[in-house]
Amino acid sequence: MRLNKFLSTCGVASRRKCDEIILSGRVCVGGKVCNVLGTEINEKKDVVTLDGVRVKIPEQFVYLKLNKPKGYVCSAKDEKGRKTIFQLVNSTTRLVNVGRLDYNTEGLIFLTNDGNFANLVTHPRFHFEKEYHVTVEGEMKESELAVLRAGVVENGVRMPKAKVMPISFDGKLSKLSVIIEEGQNHQVRRMFAAIGKDIVLLKRVRIGEVRLGGLSRGKTKPLTQQEIAYFLEGK
Ligand code: URA
């Protein structure tokens, strides 16, 4: 098995991030630093360490969904000392977040120790939809919805198309459903910024067929076998 695939299966990070980790010289195979991309290892025999700590393919995989509250970062550590989503999770197993939500975004995010699962869910090739509920001030005009649907132009570059449906307007705030497939950095906030709208609340409610449902803020719940199979075996 390739070293980057091995590290990713161990839940270290995505395959691409594992390549960066390998290049940085933090990985040893059989006691020797291995910083060569594409290295093949024997996953049953070779001893692989990251920063001196042995990494192994987990005997049991864990798949959780979390309702991330606002005010948490999606990383194991934060240089500014902010709260991390891992402080909300009671797990003896080392987990990674599958994709990210911004500090001020709330809603559905998966956590797992199965790097293969993390790769499948986040890789643009697999086109898993992500649905967000977006709250903005004022009423949205049809022309603004049309721009979001066609793909806003940001610095001369057209962003991907989105499915956008108004949900409600209470005289002050509009709530919309926004569905995207790609996961560019701050994509939804950038789409609305491009039409001059600040987002009051951004919440992810669905990834592929898996919904946030009634999961309370800050709580986790294991994915069902059916939900796991949906991602691992294809839609
Ligand atoms: N788009 C954003 O702008 N932020 C998120 O957290 C997720 C999608």
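Leaving aside its neighbours within four places in sequence, which residues is Ser-177 in contact with?

1. This is a predicted model, in which local features need pLDDT of at least 70 and side-chain atom pairs count only at pLDDT 80 or more, while totals for chains, interfaces and linings use all residues. Residues are numbered from 1 along each chain as its sequence is written, and side-chain values use heavy atoms, with hydrogens and water left out.

2. Ser-177, with neighbours within four places in sequence set aside, is in contact (heavy atoms within 4.5 Å) with Glu-131, Tyr-132 and His-133, and also with Lys-163, Val-164, Met-165 and Ile-167. Ser-177 belongs to strand β12; helices (H or I, at least four residues) and strands (E, at least two) are DSSP runs numbered from the N terminus. With a relative accessible area of 9%, Ser-177 is buried, where buried means under 20% relative accessible area, exposed over 50% and partly exposed in between, for a 1.4 Å probe and protein chains only. The side chains of Ser-177 and Glu-131 are joined by a polar contact of 3.0 Å; such a contact is a pair of N or O atoms within 3.5 Å, of which, within protein, one must be able to donate a hydrogen and the other to accept it, and residues adjacent in sequence count only if both atoms are side-chain atoms.

3. For the chain as a whole, the secondary structure comes to six helices and 15 strands, and 45% of the 235 residues count as buried. Along the principal axes, the C-alpha atoms fill a box of roughly 65 × 40 × 40 Å. Of the contacts with a separation of 6 or more, 63% are made by residues 24 or more positions apart.

4. The protein is divided into domain 1 (3-54), domain 2 (63-125 + 213-232) and domain 3 (129-207), with bounds that come from an automatic or database domain assignment. The centres of domain 2 and domain 3, taken over C-alpha atoms, are separated by 22 Å, and the contact takes 13 residues from domain 2 and twelve residues from domain 3.

5. The largest nonpolar core has 29 residues, and those with the most contacts inside it are Val-134, Val-178, Met-191 and Phe-192; the term denotes a set of buried Ala, Val, Leu, Ile, Met, Phe, Trp, Tyr and Cys residues joined through side-chain atoms within 4.5 Å. Among the elements that each supply at least two residues of this core are β5 (63-68), β7 (106-112), β8 (130-137) and α5 (187-194). Because domain 2 and domain 3 both give residues to this core, it lies between them. Not counting residues up to four places away in sequence, Val-134 touches several residues, including Leu-176, Val-178, Val-188, Phe-192, Ile-199 and Leu-201.

6. Helix α3 (residues 115-122) and helix α6 (residues 225-232) have axes that come within 9 Å and cross at roughly 65 degrees; the axes are lines fitted to C-alpha atoms, for helices over the stretch in contact, and angles run from 0 to 180 degrees between N-to-C directions. The two helices, α3 and α6, are therefore roughly perpendicular to each other, a class that spans 65 to 115 degrees, with angles under 35 counted as roughly parallel, over 145 as roughly antiparallel and the rest as oblique. The contact is made by Asn-116, Phe-117, Leu-120 and Val-121 of α3 with Ile-228, Phe-231 and Leu-232 of α6. Helix α3 is mostly covered, with six of its eight residues buried, and Asp-114 caps its N-terminal end through a side-chain oxygen 3.0 Å from the backbone nitrogen of Asn-116.

7. Asp-51, in the loop between β3 and β4 (53-54), has a positive phi of about 50 degrees although it is not a glycine, and at 47% relative accessibility Asp-51 counts as partly exposed. His-127, in the loop between α3 and β8, has a positive phi near 50 degrees, and His-127 is partly exposed at 41% relative accessibility.

8. Thr-39 is found in the loop between β2 (32-33) and β3 (48-50), where a polar atom of the Thr-39 side chain lies 2.7 Å from the backbone oxygen of Val-36. Not counting residues up to four places away in sequence, Thr-39 touches Met-1, Arg-2, Leu-3 and Cys-34.
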